[in-house]
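Me: Got a new model to go through with you. Can we start with how the pieces touch and work inwards from there?

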Amino acid sequence: MDPIAGLSLGFSNALTATNLGWALLGCFLGTAVGVLPGIGPALTIALLLPITFQVEATGAFILFCGVFYGAMYGGSTTSILLNTPGESGSIITALEGAKMARSGRAGPALATAAIGSFVAGTIGTLGISFLGPLVVEFALKLGPAEYFALMVLCFVTVSAVLGGSALRGLTSLFFGLMLGLVGIDLQTGQPRLTFGIPELLDGVNVVLVAVALFAVGETLYLAWRHHEAKAEVRRVGSIMMSRSDFRRSVGPWFRGSFLGFPFGVLPAGGTEMPTMLSYYAERKLASPEAKEEFGTTGAIEGVAGPEAANNAAAAGILVPMLTLGLPTSATAAIMLSAFQSYGINPGPLLFEQQGALVWTLIASLYVANVMLVVLNLPLVGLWARILKIPQPQLYAGILVFATIGTYGISNSVTDLILLYGIGIIGMFMRRFDFPTAPVVIGMILGPMAEQAMRQALTISQGDWSTFVTRPGSAVILTLAVAALVGPRVYGVWARRADG
Amino acid sequence: MRRRGLLLATGGLLAAPALAQPMLPQLSIFVPANPGGGWDGLARGIEQVVRGEGLVGRVGLEHVAGAAGTVGLPRFVTQRRARADSLFVGGTALVGAAITNRSPLTLADLPPVARLTEEAGVVVAPMGQGHFPDIAALLEALRADPGAVPVSGAGGGTPDHVTLGLIVQALGRNAIEARLAAFPGGGAAQAAVVGGQVRAAIGGWGEYEQLIRAGRLRALATTGAERIDPAVPTLREAGIAVVVTNWRGVFGAPGVRPDAMIALMQAMHERPAWGALLRERGWADAFLTGPAFAAFLETDRVQTRAVLEELGLA
């Protein structure tokens, strides 16, 4: 079935009253769980799995897709308003988003995230419909050496969040790298830095660390320094995006989407790397006035780009699931088990054997995307009003929210101890001007880079030249070097030319 | 990522009309892994049959994932001690993980109830020119230099790694020479072999079946005692005295005599619905209970430890 015929069949199935109802229910549930940290789409779909005994396959998958896309929309809300990212893909959104909210621009931040999600969701879904099988064949050509090179490239983005002092920034980065080491080493199965605590065997959850540093640390710091802070109610400011907000967001939406989708398709890609790269790109490409806003009052480009990248990557994750039957995320794994409870074996033949179901599912992604933007834009005004709560109450609320969310991740007291332990470290980091973002970046990239490097070296029998003799890897490494030293060399050259 | 879900299915509403008084009013199944994996699949299969057949009134599932079950095991032991309605799902991967992680608790700390299913592994190679055409070619290359044949699998110390170690051992070399490129679960290991990044991969038959059927991968050999696919030889037929299967079973809560649970599993196993489920999922029936299951567990642990020691992981 060619894509056009498939889509028209899919839409004719998806646009029935019952299926639209499932899509709406899914979008609503998904937005709700996206807003709550700790409860993600994977857990929600797992809780909904028993409906597969009762509901026909098409309806169930439309519901699941609605939840999946909805959670991606909702994930940015708490990042922006409360500096409390609900999942790893929205951590970068919090960097600029929370600063925008603090300077009275929560409305435009939420709106650009919602519209950006729509743009990215649509581009991602178009990608699934027309490019899926092609992109996945390309993605399979990338091996661990290329993944390692990609992560090196992402490490360059740390330089954008290091802050004023490179020493402090790098200290933060290494703290993150150390946290990333905790847990069982994949290659050997041996525990590292776990100190005999079974909860640490699986490593420290990166969302927990982000919440601890961004939300808990900040709150504790404010409580500590409260006498210095002016007791002011925050301004909510204008809700809608201005013409200039819109103009500044369009580029990042599209760049983020085109960056995010291929990363989502990569079997070991995920949503974190493209959000980092998008943030770095937008920061570098921004106009001089916008550059001022980065890291200070919050730049809208830094929300629009990463949020679009996150959503496009999330759409991309469905490609290996639908074309090869490979679940490359927790949510995809659960959707695959739902396929199995209908007696459908997802694999490379899924499109041929279950064409109608797959195309209906893809069509329902377009439907969900439209529903979500319609559902979410009016909510922006409502959400932004949360900031009218006076600061002491608001921050107390954030602490409660962060605590409940973290307990929800795994119902473990160890996680709560970690949350507050790392939160106190975050408070001192804030006090002594250590940036917190490099911790999270180190924690995400460190373990991925380490495993990719060791896989590559296992395959090359310990030959380090594999990173420069494989063309893909060499190209990406060259890019990384250019991104790192290029601006400096250019600066020196420009000054020479002036002098 | 660890996720825990508590799921209380409303059995009364969904169950078929109960034929008789249920054997247990409620059953709480503890899954030490994420939803979507093999242990979760077994738990949901048990739920479907015991509830559908009216053997149990209400079934709840709880997930505590991480480190091949060694995060969930201590949680189960502390939270469910002496709880007669609790079942713990475990299997091969947990036997090895408890050894490599130096876990203070192992499956030996739980009263064994029943082994339910087993699944053989498969050795696959990428399609196309220059890749291994059959198992003999792969064994030849491994015999010459195991380090020169990168093989992907699910992680150090997992059943995939143990299988590779046993093959290398059977070829007269030291297991530690085996080169496993470990990829995290969820498709990365499969992607590496489909894309030709590694020269072979070892994994569960179920993980690779669809890729083999679609002609994306070549099945070189299966690791069970008998053929799964009539066209694919077993390792034993290829002259390698290695039989590895991934078993899955259930255990009771510490401090509870497992008799009632054993009776429940026996009743479930006798129902035609269980047989139908096994066929639908492609699981082999490996029902074993009582002292025979306990003896099997002991042998399994001793053998796994021996291989892991030779791999330098225990």
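Me: OK, how many residues of chain A are in contact with chain B?
Reply: This is a predicted model, and in it 49 residues of chain A are in contact with 50 residues of chain B.

Me: Which helices supply the chain A side of that?
Reply: α3 (41-48), α14 (301-324), α15 (330-341), α18 (391-410) and α20 (437-459) of chain A each put in at least two residues. α15(A) gives the most to the side that touches chain B, with five residues.

Me: And what are the ipTM and pTM scores?
Reply: The model scores ipTM 0.83 and pTM 0.85.

Me: Which parts of chain B have the lowest and highest confidence?
Reply: Strand β1 (residues 6-8) of chain B is lowest, with a mean pLDDT of 39, and strand β9 (residues 217-222) of chain B is highest, at 95. Chain B as a whole averages a pLDDT of 86, and 93% of its residues score at least 70.

Me: What about residues 1-18 of chain B?
Reply: pLDDT stays under 50 over that stretch of chain B, although the model has 49 contacts for it beyond four places in sequence.

Me: What does the C-alpha trace of chain A span along its principal axes?
Reply: About 65 × 60 × 55 Å. Of the 499 residues in chain A, 60% count as buried. As for contacts in chain A with a separation of 6 or more, 81% are between residues 24 or more positions apart.

Me: Now the nonpolar core. How many residues are in the largest one?
Reply: The largest nonpolar core has 263 residues, and those with the most contacts inside it are F148(A), V209(A), V440(A), V124(B) and A200(B). Helix α4 (residues 57-82) of chain A contributes the largest share, 15 residues. From chain B, the core draws at least three residues from each of domain 1 (6-118 + 246-310) and domain 2 (120-222).

Me: Take V209(A). What is it in contact with, leaving aside neighbours within four places in sequence?
Reply: V209(A) is in contact with L179(A), V204(A), I422(A), V439(A), V440(A) and M443(A). V440(A) is also on the list of residues with the most contacts inside the core.

Me: You mentioned domains in chain B. What separates their centres?
Reply: The centres of domain 1 and domain 2 of chain B are 29 Å apart, taken over C-alpha atoms. Across the boundary, 12 residues of domain 1 of chain B are in contact with 13 residues of domain 2 of chain B. On the domain 1 side, α4 (92-100) and α11 (290-310) of chain B each supply at least two residues, and α4(B) gives the most, with five.

Notes:
Residues numbered from 1 in each chain as written. Chains lettered and ligands numbered in written order. Predicted model: local features only at pLDDT ≥ 70, side-chain atom pairs only at ≥ 80, totals over all residues. Core = buried A, V, L, I, M, F, W, Y, C linked by C-beta atoms within 7 Å. Buried ≥ 20, exposed ≤ 12 C-beta atoms within 10 Å, placed from the backbone. Helix = DSSP H or I, 4+ residues; strand = E, 2+ residues; numbered from the N terminus. Domains from an automatic or database assignment. Contact = placed C-beta atoms within 7 Å. pLDDT = per-residue confidence, 0-100.
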